[in-house]
Amino acid sequence: MSEVVIRKAVQEDCAPMLQLILELAEYEKALHEVTLTLDEFIEDGFGKSPVWGAFVAELNGEIVGISLYYDRFSTWKGRRLYLEDLVVTEKMRGKQIGKLLFEATLEYGKSNQYTGMVFQVLHWNEPAINFYKKYSPKFDNEWLNVSIELRS
């Protein structure tokens with residue numbers, strides 16, 4: 001196997017990144033929940049006011065994994081990095097690509113003076129939970145996730 005390259009995402013990566021996001025949604029049995037269009041994704045990442053950044057894992061010119069993040073602020077902790085999605089395409093799982101992406105994101109947070117990184121994991125996703133446990137995270141059982149849709 002050739003070497004996997006971890007690099008910052010560029011606009012041209014958006015279409016394959018969105019395909020990985022759709023693959024994740026299908027794995028989580030929530031494909032019907034994805035309403036984001038490619039144009040919105042590009043604008044939100046590379047338009048006038050970008051709201052997300054990402055690292056991609058590339059193998060032989062193909063995007064095989066992503067780590068998508070954005071800024072979050074805590075009135076108790078200050079600037080936090082929010083990891084929205086860590087996805088490796090199914091055929092490439094188990095090859096340490098997720099580890100490379102996760103550690104690149106952690107390093108980005110450290111080098112940009114974030115006070116920590118936060119993320120969610122589904123309670124039934126044992127492979128992901130076991131992966132994250134290697135980093136000594138704090139799992140929070142006190143807070144409930146809440147969301148309100150602002151558009152239909």
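Predicted model: local features only at pLDDT ≥ 70, side-chain atom pairs only at ≥ 80, totals over all residues.
Cores to begin with. The largest nonpolar core has 20 residues. Which of them touch the most other members? They are L86, I97, L101, F102 and Y132. Several elements each give two or more residues to this core: strands β2 (53-59), β3 (62-74) and β4 (78-88), plus helices α3 (97-111) and α4 (126-133).

Look at F102. Leaving out residues up to four places away in sequence, F102 touches L83, L86, M117, F119, F131, Y132 and Y135.

There is also a second, separate core. That one has 15 residues, including M17, L18, I21 and I66.

In general, nonpolar side chains tend to be buried together in soluble globular proteins.

Now the helix pair. Helix α1 spans residues 14-27, and helix α2 spans 38-46. Their axes come within 10 Å and cross at roughly 115°. Angles of 65 to 115 degrees count as roughly perpendicular, so that is how α1 and α2 sit relative to each other. The crossing is right-handed. On the α1 side, the contact uses C14, A15, M17, L18 and I21. On the α2 side, L38, F41, I42 and F46 take part. What is the make-up of this contact? Nine residues are nonpolar, none polar and none charged.

Last, the loops. K29 lies between α1 and α2. Its phi is near 60°, positive in a residue other than glycine. Is K29 buried or exposed? Exposed, at 67% relative accessibility.

N60 sits in the loop between β2 and β3. N60 is not a glycine either, yet its phi is positive, about 50°. With 63% relative accessibility, N60 counts as exposed.

Note on methods: Residues numbered from 1 in each chain as written. Heavy atoms only, no water. Core = buried A, V, L, I, M, F, W, Y, C linked by side-chain atoms within 4.5 Å. Buried < 20%, exposed > 50% of the residue type's maximum accessible area, 1.4 Å probe, protein only. Helix = DSSP H or I, 4+ residues; strand = E, 2+ residues; numbered from the N terminus. Contact = heavy atoms within 4.5 Å. Axes fitted to C-alpha atoms, helices over the stretch in contact; angles between N-to-C directions. Parallel < 35°, antiparallel > 145°, perpendicular 65-115°, else oblique. Left-handed = near helix turned anticlockwise from the far one by under 90°. Nonpolar A, V, L, I, M, F, W, Y, C, P; charged D, E, K, R; others polar.
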